[in-house]
Amino acid sequence: MRCARRHQSRQHLARTALSVALTVLLIATTAAAAAVAAAASSSSASSSTSVPPTEQGDATDTMQNLSTHILDTTRGKPAPEVPVTLYVRAASQSWTKVSTGITDGDGRFRSFFADGQPGLAAGVYKLHFDVGPYFRGRSVESLYPFIEIVFTVADPTQHYHIPLLLNPFGYSTYRGS
């Protein structure tokens with residue numbers, strides 16, 4: 001009995017260590033890509049438009065100044081087909097739904113605003129990620145039926161990229177680029 005418990009404990013430690021290592025690797029890779037993108041955008045800063053270079057192809061009359069990306073750190077892959085809803089906090093402290101979408105095959109969603117609709121204004125927002133169906137669809141037990149990330153937009157002329165690093169029993173986020 002003790003051997004079985006030790007073996008289970010070692011397996012749990014190994015899974016935890018692997019999950020941590022994948023998360024660190026993912027963050028390092030994302031940071032390196034962000035540094036390359038920042039260097040490229042600073043060297044090509046000749047454009048006077050307020051839309052970030054990575055979003056210029058997606059924006060028509062709308063400034064798409066918000067994007068998200070979900071990475072499943074257990075699988076080491078993007079999380080496709082996850083519903084994402086954007087809310088804005090009103091002066092009454094209640095939340096108002098702005099838009100809803102679904103992450104693409106690369107785990108990304110960027111079209112929070114329709115053509116002609118203004119992008120983010122200064123204020124407090126939250127992204128609601130409905131991750132329960134994602135895990136159930138893969139027959140994976142999960143602690144979180146949904147995850148909400150609340151963030152403040154201080155400068156609406158900037159792009160806000162809010163990534164979600166996800167696993168069945170934990171998550172992390174940061175402001176990306």
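Trainee: Where does His69 lie?

Mentor: His69 lies in strand β1, residues 66–72. Strands (E, at least two residues) and helices (H or I, at least four) are DSSP runs numbered from the N terminus. Please note that this is a predicted model, in which local features need pLDDT of at least 70, side-chain atom pairs count only at pLDDT 80 or more, and totals for chains, interfaces and linings use all residues. Residues are numbered from 1 along each chain as its sequence is written, and side-chain values use heavy atoms, leaving out hydrogens and water.

Trainee: Is His69 buried or exposed?

Mentor: His69 counts as buried because its relative accessibility is 10%. Buried means under 20% relative accessible area, exposed over 50%, and partly exposed in between, with a 1.4 Å probe and protein chains only.

Trainee: What does His69 touch?

Mentor: Leaving aside residues up to four places away in sequence, His69 touches Pro78, Asp106, Gly107, Arg108, His161, Ile162, Pro163 and Leu164. A contact here means heavy atoms within 4.5 Å.

Trainee: And which backbone oxygen does the side chain of His69 reach?

Mentor: That of Asp106, at 3.0 Å.

Trainee: Which residues does the "binding site" annotation cover?

Mentor: According to the unreviewed UniProt entry, the annotation covers His69, Arg108 and Tyr174. UniProt positions are given in the numbering used here, feature names are shortened, and annotations may be inferred rather than shown by experiment.

Trainee: What about Arg108, then: where does Arg108 lie?

Mentor: Arg108 lies in strand β5, residues 108–109. Arg108 is partly exposed, with a relative accessible area of 25%. Beyond residues up to four places away in sequence, Arg108 touches Thr68, His69, Ile102, Thr103 and His161.

Trainee: Changing topic, how many bridges join β3 to β4?

Mentor: Seven bridges join β3 (residues 83–89) to β4 (residues 95–102), and these strands run antiparallel. Two strands pair if DSSP finds at least two bridges between them. Val84 stands opposite Gly101 in β4.

Trainee: Which residue in that hairpin takes a positive phi?

Mentor: Gln93 does, near 75°, in the hairpin with five residues between the strands.

Trainee: How many helices and strands does the chain have?

Mentor: The chain has two helices and nine strands, and from the N terminus on its elements run α-β-β-β-β-β-β-α-β-β-β.

Trainee: What share of the chain counts as buried?

Mentor: Of its 177 residues, 33% count as buried. Among contacts between residues at least 6 apart in sequence, 63% join residues at least 24 apart.

Notes
A polar contact is a pair of N or O atoms within 3.5 Å; within protein, one must be able to donate a hydrogen and the other to accept it, and residues adjacent in sequence count only if both atoms are side-chain atoms.
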